[in-house]
Amino acid sequence: MHWDKERIQSILPHREPFLFVDEIIEIDGTKRVVAVKNIKDNESFFEGHFPGRPIMPGVLIIEAMAQTSIILYCVCKPEIGKTHPNYYLGKVKAEFLSPALPGNRLILEAYNVKIIDEAGVVDALARIDDRIVAKANFVFGIKRNE
Amino acid sequence: MKNNYEEEVKTLVSEIIEIPVEKLMPDADFFKDLGVDSLKAIEIVAAFEKKYRIIIPERDIPNIRNLRQITEYTKHLKKV
């Protein structure tokens, strides 16, 4: 199962420069989604974080995992996903274990803990090869368009 | 004297909804009386599923509205 950016953009409302999922490389039923963010040398956030010492900000790694979690939600709830509801984060618990740098291929994994129509709980991790960069737990809500 | 499971459930719910155990009445409605929203509700469900290794079907969630109901409901699932 492979999704390109066009298909990702048909689900996610995010756009450049705030789209942090480049491709989906694996979908394991409704249990897990694996995505990729290729961290380019010229990402706009590297200009300030930090000059001469580029490191992907932790909050953006969280954002990348959260965007992957939305895709997992839409795999579980395709009929709701099609309506392009509003997704909002309720709670995030995260830990950061190692840096993500220009040129890295950031693998994002989202695991279904519990997903219902109005909300979701997802465990996620970000890694580069086998090196874990961050882990997180998300609680998010879905507000359907009237 | 209440049994351990009831106390355990009360503590678990209390921690998630951030209401002290002593103020958590068995028949207080999660949504109307205790301010639980859909995000807190799914946190409670996920915490029960993880701790007791049970599955709470989505269709049943709206019917679990207070501490007494969640205690009885999950007690039943645990036996299965």
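**Ground rules.** I number residues from 1 along each chain as its sequence is written, and letter chains from A in the order in which they are written. Because the model is predicted, local features need pLDDT of at least 70 and side-chain atom pairs count only at pLDDT 80 or more, while totals for chains, interfaces and linings use all residues.

**Elements.** Chain A has 3 helices and 6 strands, in the pattern α-β-β-α-α-β-β-β-β.

**Sheet.** I checked pairing next (two strands pair if DSSP finds at least two bridges between them). The 6 strands make an open sheet with antiparallel pairing, in the order β1-β2-β4-β5-β6-β3. β1 (23-28) and β3 (86-96) stand at the edges with a single partner strand each, so one side of each has no neighbour in the sheet. I then looked at β2 (residues 32-38) and β4 (residues 105-116), which run antiparallel and are joined by 7 bridges. Asn38(A) has Arg105(A) in β4(A) as its bridge partner.

**Contacts.** I used C-beta atoms placed from the backbone, with two residues in contact if these lie within 7 Å. In chain A, 66% of the contacts with a separation of 6 or more are between residues 24 or more positions apart. I picked Leu108(A): leaving aside neighbours within four places in sequence, its contacts include Val21(A), Ala35(A), Met65(A) and Ala126(A).

Notes:
Helix = DSSP H or I, 4+ residues; strand = E, 2+ residues; numbered from the N terminus.
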